[in-house]
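I opened this notebook to record what I looked up in the structure. The entries follow the order in which I consulted the coordinates.

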Amino acid sequence: MYRWKKFREWQTAYSMLRALPTTKGTIKIHGLVNSVLVVRDEQGVPHIEARNEHDLYFAQGYVQAQDRLFQMDLLKRQCSGRLSEIFGKSTLHRDQFFRTIGLYRAAEKSLPQYSVKTKKILHSFTQGVNAYIKDAICRRKLPIEFILRSYQPEEWTPTDCIAIGKLMAFNLGGNWQGQAFKYWALHNLSEEKWKDLLPETAGDYEEAAAYCMGHPLNVGAIFKHAPIVTDINGGNSWVLSGKKSKNGKPMLAADPNFSLGTPAILYQMHLKSCDVNVCGVIFPGMPGILLGHNEHIAWGAVNTRPDVQDLYIEKRHPEKPYTYLYNDEWYEAHLISEVIQIKGSPPVLFQIQETRHGPVFFEFLQDLSHTALSLRCTAMEPTKEIEAIIAINSATNWGEFEKGLEDFHAPAQNFVYASIDGTIAYKANGRIPVRKKGNGLLPVPGWNDEFEWDGFIPYDKLPRTVNPVEDFISTAELEVEEDYPYHISHALSRPYRQLRIQEVLQAGSHFTVQDMKRLQMDKMNLYAAEFIPLFLDCLRPMKKTMPIRRALGILEKWKFEDRVNEAAPLLFHLWMSEIQKLLLEKEIPEEALRLFDGKEQIVECMLFQALQKKSESVWVTQAGGISEVLYQALNKCLKRAEVQYGKNMKEWKWGDYHRLYFEHPFSKTSTFAKELFNRTKPLPVGGSQVTVQSAGFNEAGTVHHGACWRFVKDWSNRFNAHHIVGPGQSGHVKSQWYANQLSDWMYGNYHITELKMAESTYYLRLVPKG
């Protein structure tokens with residue numbers, strides 16, 4: 001056994017070293033027209049210089065595959081529902097979900113809508129990816145993940161590029177689960193209780209609620225295995241005019257938030273040819289630069305969280321299960337036969353039904369009741385995001401940028417913009433539906449046309465700001481005027497990051513790049529600053545145990561910063577977690593609670609209303625009233641912390657619980673894989689999900705969501721910008737760039753990337769073969 005273990009370790013190490021990409025010298029490749037220079041700087045950022053468009057995107061595909069091929073393959077398999085081919089039965093339900101919603105089918109329908117120019121770019125990019133795949137297979141240089149799972153990647157296609165964008169759009173536009181939860185609440189809670197769980201912006205919902213009540217479905221069972229994207233933080237972005245900066249030039253800062261992992265979901269590159277000179281980040285597997293800057297403009301984006309998904313209640317024919325009612329007529333659903341290949345097991349066959357609204361959930365559960373739910377979503381329809389990316393990469397002014405952005409249909413984002421000519425601007429983009437009736441709060445009838453989408457908000461009517469009198473724009477959350485005529489979202493954004501950014505930017509002037517970096521790493525918790533004084537006042541008259549007195553004393557002295565070595569942040573966040581459990585978990589089972597999008601914000605509203613003595617939610621009243629809720633939750637919090645961190649409260653630290661971990665997809669498959677791909681144990685880190693230094697965490701305290709890329713652009717220097725990509729550029733565990741930016745991410749140490757070929761020892765020339 002010992003010899004076998006040593007042999008396996010030696011074999012794995014040898015395979016990992018073999019898989020490292022060639023970064024120096026010359027490589028001859030079929031498919032190039034002219035030679036291309038690829039220079040990797042000290043952070044592993046590739047600078048690609050080509051003489052023509054074809055070679056530029058060919059090389060971009062080749063280089064992305066060099067560093068991120070397994071990640072690209074995994075993303076492709078996720079959105080096409082093919083993970084089980086390599087992971088076995090454990091991913092079957094996930095595959096069934098993604099086969100059902102049909103992101104890959106939507107990508108196939110999108111490709112014909114692209115222009116000839118962008119189709120050529122997609123073709124060039126995929127040629128580059130496939131050139132590397134062929135070479136890696138031939139020379140036995142595939143990443144170690146392929147070897148551990150005993151398979152080889154397939155050829156890359158233009159549809160694969162589009163499908164990865166579809167996956168991101170679906171994950172960033174999720175409100176279907178919130179509709180499903182409200183459907184559950186209507187059928188399982190009293191009217192008083194479910195109304196307390198609606199956002200204050202709910203508006204008119206009575207008619208849709210009546211339809212839901214008349215058509216019961218077990219949504220908890222239907223969506224039991226559906227992958228849920230929870231706690232989506234859109235990130236932060238802001239721009240300052242030259243009047244606010246020390247050097248008199250505009251500045252832009254952006255840090256979009258995603259799930260954190262190894263490798264990072266974004267990949268930094270610099271692309272240069274006769275038509276474009278642009279640097280920034282892109283999702284691996286896609287051409288161009290999604291966010292970044294060129295010589296004239298800079299742009300960033302955060303998630304808008306619009307209501308772009310609707311669940312429809314479908315009436316099924318009592319004798320014909322694949323037939324659905326619409327406007328008093330019966331229509332056959334479009335049937336799609338699917339076969340999921342499963343490693344180590346027989347394949348699974350099932351049929352997907354598509355109504356006029358979209359796919360039906362979930363026929364693989366064999367639920368053939370007379371009622372069904374279908375889903376319509378902008379990401380599941382033909383769109384042209386890569387068309388927009390290519391256009392904005394070469395834009396030179398606001399007019400060209402805004403025009404190019406018009407093709408960026410999904411996901412809807414809040415884009416901020418700053419240019420060398422002094423313009424700062426903001427634009428919400430995307431296809432956001434206009435509904436004939438209803439507002440995206442609840443599932444709606446699909447058996448008539450009353451609740452259909454009636455087009456989308458016109459592009460020129462989407463929220464927009466150019467050169468405001470305040471001389472800055474911040475978009476940590478979407479804000480629209482009270483008289484704005486269109487509905488965009490019910491998502492309750494937690495306002496604390498936005499408030500903190502505006503507090504700093506409004507109060508100051510003569511800002512520098514270092515000021516922007518400090519603000520991106522700011523740990524001020526305005527959430528706690530709002531609630532802790534109210535909590536202390538509420539509990540002041542009550543008799544308290546000694547541990548509770550000590551805890552309140554620590555919180556009373558707190559300066560409301562989520563610093564890694566302080567006890568107060570730990571007390572506060574655990575306390576809020578226990579309050580939520582105390583109020584909700586007795587009556588809402590886990591299978592429904594996981595669908596409850598925005599539950600933290602709803603609980604905050606309940607607490608705030610009760611503490612301000614405006615009204616007390618029935619959820620608070622049945623738990624004994626606001627004072628009892630706070631007292632009992634704090635008591636549970638202290639007992640939980642004492643078990644984990646000892647009895648000496650003064651020695652407790654936020655970082656003992658709140659720990660950063662860029663998990664690799666294989667880390668949960670075995671102890672061997674975890675030790676191989678995540679050699680660094682979870683590390684103490686400050687911030688939280690409500691601070692500008694966004695660091696969202698799960699129940700175990702693991703930081704799993706935040707800014708995988710931080711970016712600051714100062715237009716006093718035309719050619720450089722400041723970046724962090726955590727944990728690093730490379731997907732190869734033996735690469736020096738695999739996790740070299742992990743500590744940079746924790747402490748805010750940025751690197752500068754130039755819009756020119758870097759001075760480096762890593763010079764690679766790709767030359768035509770034959």
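**Entry 1: surroundings of Ala695**

I began with the contacts of Ala695, leaving aside residues up to four places away in sequence: Ala695 touches His658, Gly686, Gly687, Ser688, Gln689, Val703 and His705. I note that the model is a predicted one. I then looked up the element that holds Ala695 and found strand β26, residues 695-697. Is Ala695 buried or exposed? Its relative accessibility is 0%, and buried means under 20%, so I recorded Ala695 as buried. I also checked Ala695 against Gly25: the two are 670 residues apart in sequence, and their C-alpha atoms lie 40 Å apart in space.

**Entry 2: the open sheet**

I next traced an open sheet of 11 strands with mixed pairing, in the order β1-β31-β2-β3-β6-β7-β8-β9-β17-β18-β22. Which strands stand at its edges? I found β1 (25-29) and β22 (464-466) there; each has a single partner strand, so one side of each is left without a neighbour in the sheet. Neighbouring strands of this sheet are turned by 15° against each other on average, direction ignored.

I examined β7 (residues 277-282) with β8 (residues 291-294), which pair in the antiparallel sense over four bridges. For Val281, I found Leu291 in β8 as the bridge partner.

Helix α2 (residues 53-80) packs on the sheet, and I listed β1, β2, β3, β6, β7 and β31 as the strands it touches. The direction of α2 makes about 155° with that of β6. Helix α13 (residues 385-393) also packs on the sheet, touching β7, β8 and β9. For α13 and β9 I noted an angle of about 150° between their directions.

Methods. Residues numbered from 1 in each chain as written. Predicted model: local features only at pLDDT ≥ 70, side-chain atom pairs only at ≥ 80, totals over all residues. Heavy atoms only, no water. Pairing = 2+ DSSP bridges. Helix = DSSP H or I, 4+ residues; strand = E, 2+ residues; numbered from the N terminus. Axes fitted to C-alpha atoms, helices over the stretch in contact; angles between N-to-C directions. Contact = heavy atoms within 4.5 Å. Buried < 20%, exposed > 50% of the residue type's maximum accessible area, 1.4 Å probe, protein only.
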